[in-house]
Number of protein chains: 2
Amino acid sequence: MMSAIHQAAQLANGSLLAADLMAATLARIASEDAALGAFTALLDLPAARQQLTQLQASGMGPLQGLPVGLKDIFDTADLPTRYGSALYSGGSQAEQTPRVDAAIVGAIRRAGGLVIGKTSSTEFAFLNPTQTLNPNAPGRTPGGSSAGSAAAVAAGLVPFAVGTQTGGSVVRPASYCGVTGFKPSFGLLPTPGIKCFSWSLDTVGLFAASVREVAWFADALSGFALQLDDAPEKSWRVGVPSAYPWGPVSPSAQLAIDTGVAALRRQGAEVIPITLPAWMKDVFEAQDVIQGFEVWRSMARDIDAHPQALSKVLRDYLMAARSISAPAYEAAQQTAHAARTACADWFSQFDVLMTPSAPDEAPLGYASTGASTFNRAWTLLGLPCVNVAGAVGVTGNPMGLQIVGAPRADKTCLAAADVMERALKAQA
Amino acid sequence: MMSAIHQAAQLANGSLLAADLMAATLARIASEDAALGAFTALLDLPAARQQLTQLQASGMGPLQGLPVGLKDIFDTADLPTRYGSALYSGGSQAEQTPRVDAAIVGAIRRAGGLVIGKTSSTEFAFLNPTQTLNPNAPGRTPGGSSAGSAAAVAAGLVPFAVGTQTGGSVVRPASYCGVTGFKPSFGLLPTPGIKCFSWSLDTVGLFAASVREVAWFADALSGFALQLDDAPEKSWRVGVPSAYPWGPVSPSAQLAIDTGVAALRRQGAEVIPITLPAWMKDVFEAQDVIQGFEVWRSMARDIDAHPQALSKVLRDYLMAARSISAPAYEAAQQTAHAARTACADWFSQFDVLMTPSAPDEAPLGYASTGASTFNRAWTLLGLPCVNVAGAVGVTGNPMGLQIVGAPRADKTCLAAADVMERALKAQA
């Protein structure tokens, strides 16, 4: 498939017209998404035309009108917003449409992107599954919570999509669907206008077909220099933990790691076996405390006024989270703060870490969206993470490798992920 | 006037009825607020009754139905929300009413508070003034951006009100109106559902008639132990800076500081003259960079699609903020991070700082809401700040003293402010 970066160049030089690409994209979604279920709302043709006209009038940013899918956990003033929840799915389309756009919508438009539709989110970006299927692992969950964004990119319906991660909601579905997922450093992309779950953790993340494309997309949206060039490669030092305090390494995860290590070595990278610091277990547990304390507050009206409109899994979680005390929350925040400070030193031993992106291949069936255990600690630490696709698990389904970068080292993290991706392709 | 804490005790023991207090509050606002202009929306009597019934059904928290004014920068699903902006003031009342409550609304309700109305905000909590007058300094601005919350409490219309501070929008109007204003540590009170100006800076703050009451209110809303008891007092060490990198100490500010120092000494406190660290100037400047970079993104749709619906002062600010680069923003965040880390050590020399709350008494007239210069650095550092009322400037109008606490030492900050307040009352 043609890279989106190349498509943007064609759009810029006029050999491809944004209006044609948009119409073809809408037509393809109309024909294929009924079976996939990645989108919850789409622009109609006149609205899409009008938005392209506005992008052109405001001087078309680098995306040049490329279509973008946006997780339905972000408020949009031009498309209905339901947060994957029955509670917000009633009423007319006008009633389902907020007045205010999430900040990321403005960032996409200023970058020249066309927000062509909303992609499915699990209920409030928690665990209750969506209707979305996994285009690259039939019969298995696409993961969550950013299910629709991962699936839409995996199916090639859009070149780019936006999601959010509070535990593992970008890297995990990317792993299950076999696409690139990038959870940047906390604060790189703006969060206002997300239906908040946890204000200390909710992070905007991106999906694309490759690391180069996701880096280019992140550069365009953020204003930070993240594009990957073809500069001579450094000699990478990649730390590979031998064990994790949050759970065992499954056969599929081990297979992917072995594949990744072999590929990296063939590229001349130094692979350094490491032991995770003792505080990593505390970080993992602190993530859960912080998430629970905050969501009990951010979803106050939803649970207090409409408990029966929530899924049982979410209602039970909230009722348990209710008992987390302010001192426990404060202690968890102190743990996070100390660990973030310690990370800078810790990362002096290696350039990036490589870990499994998820506990396993995508679970069979659609009752569960899998587990975020391999992502939560990095989310709380605010470290950049990329899911690199290309490896498989024991049944031959996608099993992602997660590259974790040092604090604020998003570009280094993306560059290492690019090396990893090319190493996997070279051996494929 | 009877303390709200005492009123809550009366409500709890039945010697005062929440329904009577509510009706009396609505009647008093109806008769007095036409002249004051503190409220932009009020519950009607049936809606207020219904909400009291709901509070009772859910087991009435410590506020026992006490009425609370809420700045109209917070989304409310029961009251129209206009953000002080012409852009959000069109359409029907239903169209002006969001589906989602800000998290602080849930916190108020769980604490037993009745959100009785919305209080005026300057346009998007920036500088364009409201219609609100200053009940304690006739002919002068009440300050901004939380003008209505400060004025409503100053006029005794409600015992408590909630505001937000991004630069100085709680402490400054409290200073100008002669009431207590508390800007807690960053993160103590939840921000989701604010119309975001700057996600790194927007902080929820509180207004009350006294320090004891604001501490009690903050305790009830946050779940953190902040109530002030009558334990034997410690011997306080209060640092008083001799000069500030952000501007001169006006005669009114000096008069208030002299009054405060004399009062503290009579209470046995040690007053320590200090020089602010050199990095404080960088912090002050970093606040402006961070605010500008973020608001250009958070208000993307407002400025991009509706520039003419914004005031000139805001539009000009946004167009200037547009040119702040990502590296400049990153550097400002690094400055903030380093300074926050340095604060813990720096505060070992004293328990709290005492500074002017504002550059001067409230400016004459209503064209300006004054300046946040004496607040911005503390906001960026995330330090707890209390405006203590009781001192006056050279024309006899309110001139507040700002108590600034160490990182996360909200209770110490409130306790010192309480000592300061009683010291001022003792000498009055």
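Chain B can be laid on chain A with an RMSD of 0.0 Å, by a turn of 180 degrees and a shift of 0.0 Å along the axis. The two copies are thus related as by a two-fold rotation axis. The superposition is by least squares on the C-alpha atoms of residues with pLDDT of at least 70 in both copies. In chain B, the C-alpha of B:P98 is the nearest to the axis, at 3.5 Å from it. The same surface serves both copies, since 100% of the contact residues of chain B recur in chain A. Two residues are in contact if their C-beta atoms, placed from the backbone, lie within 7 Å.

The model is predicted: local features need pLDDT of at least 70, side-chain atom pairs count only at pLDDT 80 or more, and totals for chains, interfaces and linings use all residues. Residues are numbered from 1 along each chain as its sequence is written, while chains are lettered from A and ligands numbered from 1 in the order in which they are written.

The interface comes next. In total, 27 residues of chain B are in contact with 27 residues of chain A. Three helices of chain B, α4 (103-110), α9 (279-298) and α10 (300-305), each supply at least two residues of the side that touches chain A. Helix α4(B) gives the most, with five residues. Helices (H or I, at least four residues) and strands (E, at least two) are DSSP runs, numbered from the N terminus. By type, the residues on this side of chain B divide into 14 nonpolar, six polar and seven charged. Here Ala, Val, Leu, Ile, Met, Phe, Trp, Tyr, Cys and Pro count as nonpolar, Asp, Glu, Lys and Arg as charged, and the others, Gly among them, as polar.

Chain B contains an open sheet of eleven strands. Their order is β1-β3-β2-β4-β6-β5-β10-β11-β9-β7-β8, and the pairing is mixed. Two strands pair if DSSP finds at least two bridges between them. The edge strands of chain B are β1 (39-42) and β8 (270-274), and each pairs on one side only. Neighbouring strands of the sheet are turned by 25 degrees against each other on average, direction ignored. Helix α8 (251-266) of chain B packs on this sheet. It touches β7 (237-241), β8, β9 (352-356) and β11 (401-405), and its direction makes about 145 degrees with that of β9(B). Axes are lines fitted to C-alpha atoms, for helices over the stretch in contact, and angles run from 0 to 180 degrees between N-to-C directions. Helix α14 (410-427) of chain B lies across β7, β9, β10 (385-388) and β11, and runs at about 155 degrees to β11(B).

Strand β5 (180-183) of chain B has partners on both sides. Three bridges join β5(B) to β6 (203-208) of chain B, and the two run antiparallel. In β6(B), B:L206 is the bridge partner of B:F182. Three bridges also join β5(B) to β10(B), again antiparallel. There, B:G181 stands opposite B:N387. In a regular strand the side chains alternate between the two faces of the sheet. In β5(B), B:T180 and B:F182 point one way, B:G181 and B:K183 point the other way, and all are buried. B:A4, B:Q7, B:A8 and B:L11 are buried. These residues cover an arc of only 100 degrees around the axis, which puts them on the same side of α1(B). The arc is that of the directions from the helix axis to the C-beta atoms. On the other side of α1(B), B:H6 and B:N13 are exposed. The buried residues of α1(B) pack against α2 (18-36), β4 (160-165), β6 and α7 (211-222) of chain B. B:G14 follows α1(B), with a positive phi near 85 degrees.

B:S121 lies in the loop between β3 (114-119) and α5 (147-154) of chain B. B:S121 is buried, with 29 other C-beta atoms within 10 Å. Not counting residues up to four places away in sequence, B:S121 touches several residues, including B:K71, B:D72, B:Y83 and B:S145. The C-alpha atoms of B:S121 and B:T132 are separated by 9.1 Å, and the two residues are eleven residues apart along the chain.

Definitions and conventions
A residue is buried if 20 or more other C-beta atoms lie within 10 Å of its own, exposed if 12 or fewer, and partly exposed in between; C-beta atoms are placed from the backbone.
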